[in-house]
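Reader: I have a model open and want to go through it with you. Can we start with the ligand?

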Amino acid sequence: MTNKDLTEKEYTDFCRFLEQHCGIVLGNSKQYLVRSRLAPLMSEYKCESLSQLVKKAMELRERALRAVVIDAMTTNETLWFRDKYPFEVLTQRLLPEFADLKRPLKIWSAASSSGQEPYSIAMTCLEFKEKNPGMLKYGFDILATDISTSMLEHCNKGEYDNLALARGLSPERKRKFFNPSSTNCFSVKPEVKKHVKFKQFNLLDSFNVLGRFDIIFCRNVLIYFSPEVKRQIFANFAKVANKDGYLMLGASESINGLTDEFTMNRCKAGIVYQANK
Ligand SMILES: C[S@@+](CC[C@H](N)C(=O)[O-])C[C@H]1O[C@@H](n2cnc3c(N)ncnc32)[C@H](O)[C@@H]1O
């Protein structure tokens with residue numbers, strides 16, 4: 001693999017462009033990553049070189065190509081019940097606290113990728129309601145957002161092959177919450193799906209359009225952002241969090257030195273942050 005298609009200046013310009021549009025900080029010497037993610041787009045967009053493709057994507061009028069390039073540069077890795085502990089914290093601590101709510105519980109999965117996170121949250125809430133009849137009487141709504149429209153299409157379809165399902169989903173949950181669809185594929189049952197709404201949303205944009213939430217999951221995306229961008233996003237989370245609302249981050253992420261609008265709560269299963277409201 002060679003980097004000959006992108007000069008140092010082109011690479012630096014592309015890094016700046018990427019950070020401006022989606023927050024991702026590429027860092028030094030990641031030309032190989034740009035090449036491996038973007039080279040497959042060259043023929044589709046009739047570009048003879050990587051530098052031509054990158055230049056075109058950075059032109060203001062090329063909105064569609066820009067979205068495709070940003071989509072290709074994001075990491076969509078995810079799995080069912082990822083890291084286990086957030087879902088244990090949800091069951092053992094957060095859902096019991098909200099159990100007597102006189103309105104639907106509002107949950108936001110803020111970088112939902114292909115849907116495993118919001119659907120795992122929905123399954124956890126359904127299991128909780130089943131074990132605790134009369135609790136969460138007014139139900140729960142989950143908003144799943146991501147910058148990537150292709151990921152959101154995947155979420156919305158709610159169909160997964162056996163390979164994707166094998167990553168974190170137990171056979172019991174597969175039987176309980178999925179219906180067989182096409183060959184080797186299973187669809188999320190309507191009673192799970194009806195709790196999840198999808199919306200394309202860039203975490204760098206204004207949060208005014210979103211409403212308020214009791215629980216925000218934002219996991220494994222802030223690691224790609226600069227401290228300044230994280231600070232801004234935490235400030236925005238604090239604005240859209242309800243009183244006593246919670247923020248769940250990824251296992252390697254923290255609020256340390258970035259916000260004092262949330263307090264760390266150490267539960268038996270793991271860490272969750274609570275809004276200081
Ligand atoms: C690694 S996945 C994490 C998925 C899930 N939260 C999890 O922990 O398994 C990161 C997701 O963040 C999304 N993303 C990246 N930049 C974003 C931005 N600026 N706004 C919203 N979503 C973004 C990507 O499209 C990708 O689907």
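Author: Domain 1 (8-73) and domain 2 (85-275) both contribute residues to the shell around the ligand, so the ligand lies between them. Those domain bounds come from an automatic or database domain assignment. This is a predicted model: local features need pLDDT of at least 70, and side-chain atom pairs count only at pLDDT 80 or more, while totals for chains, interfaces and linings use all residues. Residues are numbered from 1 along each chain as its sequence is written.

Reader: How many residues surround the ligand, and which are the closest?

Author: The ligand is surrounded by 23 residues, and the closest are T78, A111, S113, I147 and N220.

Reader: S113 was on your list. Where does S113 lie?

Author: S113 lies in the loop between β1 and α6. Helices (H or I, at least four residues) and strands (E, at least two) are DSSP runs, numbered from the N terminus. S113 has a positive phi of about 50°, although it is not a glycine.

Reader: Is S113 buried or exposed?

Author: S113 is buried, because 25 other C-beta atoms lie within 10 Å. The cut-offs are 20 or more other C-beta atoms within 10 Å for buried, 12 or fewer for exposed, and partly exposed in between, with C-beta atoms placed from the backbone.

Reader: Which residue other than glycine has a phi near 65°?

Author: That is N184, with a positive phi near 65°. N184 sits in the loop between β4 (178-180) and β5 (185-188). N184 counts as exposed, because it has 11 C-beta neighbours inside 10 Å.

Reader: Next, α5. Where does α5 bend?

Author: α5 bends by about 40° at T91. The bend is the angle between axes fitted to the seven residues ending there and the seven starting there.

Reader: What span should α5 have, and how far apart are its end C-alpha atoms?

Author: Helix α5 (residues 85-98) has 14 residues, so at 1.5 Å a residue it should span 20 Å; its end C-alpha atoms are 18 Å apart, which agrees. The expected span is 1.5 Å times one less than the number of residues in the helix.

Reader: Which residues of α5 are buried, and what covers them?

Author: P86, F87, V89, L90, L94, L95 and F98 of α5 are buried. Their cover includes β1 (105-109), α6 (116-131), β7 (213-218), β8 (241-249) and β10 (271-275).

Reader: What about α6 itself?

Author: α6 has 16 residues and reaches 22 Å from its first C-alpha to its last, close to the 22 Å expected. Its buried residues include Y119, A122, M123 and C125. L126, also in helix α6, is partly exposed, with 18 other C-beta atoms within 10 Å.

Reader: Which residues does V192 touch?

Author: Not counting residues up to four places away in sequence, V192 touches Y119, A122, M123, L126 and F177. V192 is in helix α10 (residues 190-193) and counts as buried, with 21 C-beta neighbours inside 10 Å.

Reader: Last one, F140. What is F140 in contact with?

Author: Leaving aside neighbours within four places in sequence, F140 is in contact with P104, L105, I107, C125 and H195. F140 lies in strand β2 (residues 140-146) and is buried, with 23 other C-beta atoms within 10 Å.

Note on methods:
Near = placed C-beta within 6 Å. Contact = placed C-beta atoms within 7 Å.
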